[in-house]
Amino acid sequence: MLGNYSSATEFYLLGFPGSEDLHHNLFATFCFFYLVTLMGNMVIITVVCVDRRLQSPMYFFLVHLSVLEILVTTIVVPVMLWGLLLPGMQTISLTGCVVQLFLYFAVGTTEFTFLGAMAVDRYVAVCDPLRYNIIMTSRICNSVVIVSWVFGFLFQIWPVYATFQLTYCKSNVVNNFFCDRGQLFKLSCNDTIFTEFILFLMAIFVLFGSLIPTIVSYTYIISTILKIPSASGRRKAFSTCASHFTCVVIGYGSCLFLYVKPKQTQVAEYNRVVSLMVSVVTPFLNPFIFTLCNDKVIQVLRDGMKHCCQLFRH
């Protein structure tokens, strides 16, 4: 416990409760998830950059989404893995906590902006294919990328600043495996109701600001696909959107449960589970979603494997 008028200069991450054996099992599991996430997203980035068949706006955005997935899991998972190996609670400095929280939310905000942009891209591809190359020019795509990255990082400056303007005098033990804002609010001796409400409105703006164009785009996409007379045509049209749609459902679903609520200080166990979904499970699943649900990527990977096998034979 801290004195009534002192504020924490470092925090202790409580991590996961349980025995040392459980921690070792969790370490092995999350380490596996992390390595597969890195390799899967790196494969996507490499394949898109190398193969000319994937030189289109959709895959251009996918490369940036894969970079974001690598970043969001790298911001959290290495710290979590190190904590699982330590015998006690893990220490993180106030500066380290600020940096981790800022990067975590900035990357997350940027990712949702990209998901909204990718939905609009799929709308143009399916509903107005003849003008797709005219609308989705390289200039437009580069502008979308720059705006998404800049917006994501600038948008999170004030929320993180406001969070660490609070005085943390109740305790310096964070009941999570990373610097979770909801748990930080529980440690503050200030009245956080107004700050939490503003952050709630900002979360609403980010999530629904990108979700609304996604819903509108997919409403038109589904309507257009249903009008295609042949089953093979419908399947081909849907296959170009299936991976993005699945990613949207998982990404928005977990984040709506975690961040869009007026009260940030909910039950720690619930917060820990949903945080794992956002920072570990979703980045782990996305490479599989964007390969297994996309016929063109599957074909490119098959051709790449065949080419590698031919090289080894010679």
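Author: A residue is called buried when its relative accessible area is under 20%. The model discussed here is predicted.

Reader: Why does phenylalanine 284 count as buried?

Author: The relative accessibility of phenylalanine 284 is 13%. The limit is 20%, so phenylalanine 284 counts as buried.

Reader: How many aromatic pairs does a search of the whole structure find, and why is the pair of phenylalanine 33 and phenylalanine 284 called stacked?

Author: The search finds 21 aromatic pairs. In the pair of phenylalanine 33 and phenylalanine 284, the ring centres are 4.3 Å apart and the planes stand at 20 degrees. Pairing requires centres within 6.5 Å, and stacking requires planes under 30 degrees apart; the pair is therefore stacked.

Reader: Which parts of the chain does this pair link?

Author: Phenylalanine 33 belongs to helix α1 (residues 20-50) and phenylalanine 284 to helix α10 (residues 268-292). The two residues are 251 residues apart, and the pair links distant parts of the chain.

Reader: What makes the pair of phenylalanine 114 and tryptophan 149 edge-to-face?

Author: The angle between the planes is 75 degrees, with 6.4 Å from centre to centre. An angle over 60 degrees counts as edge-to-face, provided that the centres lie within 6.5 Å. This pair, too, links distant parts of the chain: phenylalanine 114 lies in helix α3 (residues 94-127) and tryptophan 149 in helix α5 (residues 138-155), 35 residues apart.

Reader: Which residues do ring pairs link into a cluster, and what lies over the face of phenylalanine 105?

Author: The cluster consists of Phe16, Phe30, Tyr104, Phe105, Phe177 and Phe178. Over the face of phenylalanine 105 lies arginine 181, at 4.1 Å from the ring centre.

Reader: How many salt bridges does a search of the whole structure find, and why is the contact of aspartate 121 with arginine 122 called one?

Author: The search finds three salt bridges. Between aspartate 121 and arginine 122, the closest N and O atoms are 2.9 Å apart. A salt bridge requires such atoms to be within 4 Å. Both residues are buried: aspartate 121 has a relative accessible area of 0%, and arginine 122 has a relative accessibility of 6%.

Reader: How do you know that arginine 131 forms a salt bridge with aspartate 128?

Author: The closest N and O atoms of arginine 131 and aspartate 128 are 2.9 Å apart, and the limit is 4 Å. Arginine 131, at 46% relative accessibility, counts as partly exposed; aspartate 128, at 24%, also counts as partly exposed.

Reader: What is the distance between the closest N and O atoms of aspartate 51 and arginine 53?

Author: These atoms are 3.0 Å apart in the salt bridge. Aspartate 51 counts as buried at 17% relative accessibility, whereas arginine 53 counts as partly exposed at 40%.

Reader: Which residues form the nonpolar patch on the surface, and what makes valine 120 accessible enough to belong to a patch?

Author: Val120, Tyr123, Phe208, Ile212, Val216 and Tyr220 form the patch, with about 510 Å² of accessible area together. Valine 120, found in helix α3, has 35% relative accessibility and counts as partly exposed; membership requires over 30%. The largest share of the patch, four residues, comes from α8.

Methods:
Residues are numbered from 1 along each chain as its sequence is written. This is a predicted model: local features need pLDDT of at least 70, side-chain atom pairs count only at pLDDT 80 or more; totals for chains, interfaces and linings use all residues. Side-chain values use heavy atoms; hydrogens and water are left out. Rings of Phe, Tyr and Trp (its six-membered ring) pair if their centres lie within 6.5 Å; planes under 30 degrees apart count as stacked, over 60 as edge-to-face and the rest as tilted. Buried means under 20% relative accessible area, exposed over 50%, partly exposed in between (1.4 Å probe, protein chains only). A charge sits over a ring if NZ of Lys or CZ of Arg is within 6 Å of the ring centre and within 35 degrees of the ring normal. A salt bridge is a side-chain nitrogen of Lys or Arg within 4 Å of a carboxyl oxygen of Asp or Glu. Patches are made of residues with over 30% relative accessible area and no salt bridge: like charges are joined within 9 Å, nonpolar side chains (Val, Leu, Ile, Met, Phe, Trp, Tyr) within 5 Å. Accessible areas come from the Shrake-Rupley method with a 1.4 Å probe; for residues, only the protein chains shown count as cover.
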